[in-house]
Amino acid sequence: MSTRTITIVGFIAVVAALVSLEILGRSPRTRIPTLGEWLGYVMRSPAGRAVVLLGWLWLGWHYFAR
Amino acid sequence: MTENTSAERPARRRADTEPRLPLGARPARNAVIAAGLIGYAWVIGGAAPFSLKALVGVLLPGAVLGVIAYARPPERIPPPESIDIAGFSYWIIAIALLFEWEAAAFRDGSPRWHPSLTDLVNPVLAPHPVKCAAIVIWLLAGWALVRR
């Protein structure tokens, strides 16, 4: 297995873990919050809201403007 | 905690006075919004990288959503009063792993044997329809964040 393949498999594994956390977070008896829940919790404060929105803006700039 | 930010208060006042219609109650309006979003994404998706058009195309929705978020927030989905720290830590670990994996590739200059996520995603986004769809998802994600 080449190092390129290992790198790609690593990214796929982490993204799969994130998706799994979201699925687990939606089950009725879990301690894991969903993405929306913890983002909402972080955005309770204006500073947290600004950081999250700037992160969203950065993501758009990174992938769509450059 | 039960703190009530100034940004939330106007939204709650509006929510008290204006009954919320179910999704799909205004099909014509929704169709116009969807067409506008797709049209905008199609135009921006065709902009050359590093061009002024591409930059403005990203900054404009950012500015609009920023104004909406702080000046005239929509009815927001109430955030949870608290979250389980142990459960939240799983998210932190996974996100930290993603950043570490990306930073390792970035540090090496994203060579072919250790590409960064950006270099892997860019070819996937290269076809115009795919990029258009990704921009629509990004715009909808921005709106979802404003509603949180």
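A crossing of two helices is left-handed if the near helix is turned anticlockwise from the far one by less than a right angle, and right-handed if clockwise. Keep that in mind for point 2.

1. A word on the model. This is a predicted model, in which local features need pLDDT of at least 70, side-chain atom pairs count only at pLDDT 80 or more, and totals for chains, interfaces and linings use all residues. Residues are numbered from 1 along each chain as its sequence is written, while chains are lettered from A and ligands numbered from 1 in the order in which they are written.

2. A helix pair to start with. Helices here are DSSP runs (H or I, at least four residues; strands are E, at least two), numbered from the N terminus. α1 (residues 3-25) of chain A passes α4(B) in a left-handed crossing. Their axes, lines fitted to C-alpha atoms over the stretch in contact, come within 10 Å and cross at roughly 160°. On a scale from 0 to 180 degrees between N-to-C directions, over 145 counts as roughly antiparallel, and α1(A) and α4(B) are therefore roughly antiparallel.

3. Who touches whom in that pair. Contact means C-beta atoms, placed from the backbone, within 7 Å. Among the contacting residues are Phe11(A), Val14(A) and Leu18(A) of α1(A), and Trp91(B), Leu98(B) and Trp101(B) of α4(B). By class, this contact has 12 nonpolar, 2 polar and no charged residues. Ala, Val, Leu, Ile, Met, Phe, Trp, Tyr, Cys and Pro count as nonpolar, Asp, Glu, Lys and Arg as charged, and the others, Gly among them, as polar.

4. The wider interface. Chain A brings 37 residues to the contact and chain B brings 43 residues. On the chain A side, α1, α2 (35-42) and α3 (46-65) each supply at least two residues, and α3(A) gives the most, with 13 residues.

5. The cores. A nonpolar core is a set of buried Ala, Val, Leu, Ile, Met, Phe, Trp, Tyr and Cys residues joined through C-beta atoms within 7 Å; buried means 20 or more other C-beta atoms within 10 Å of a residue's own. The largest such core has 7 residues, including Phe64(A), Ala41(B) and Leu139(B). Within it, α2 (27-45) and α6 (128-146) of chain B give two or more residues each, and α6(B) gives the most, with 3 residues. A second, separate core of 6 residues includes Leu21(A), Leu39(A), Met43(A) and Trp91(B).

6. Chain B overall. Chain B has 6 helices and 0 strands. Buried residues make up 12% of its 148 residues.

How values were computed:
Angles under 35 degrees count as roughly parallel, over 145 as roughly antiparallel, 65 to 115 as roughly perpendicular and the rest as oblique. Two residues are in contact if their C-beta atoms, placed from the backbone, lie within 7 Å.
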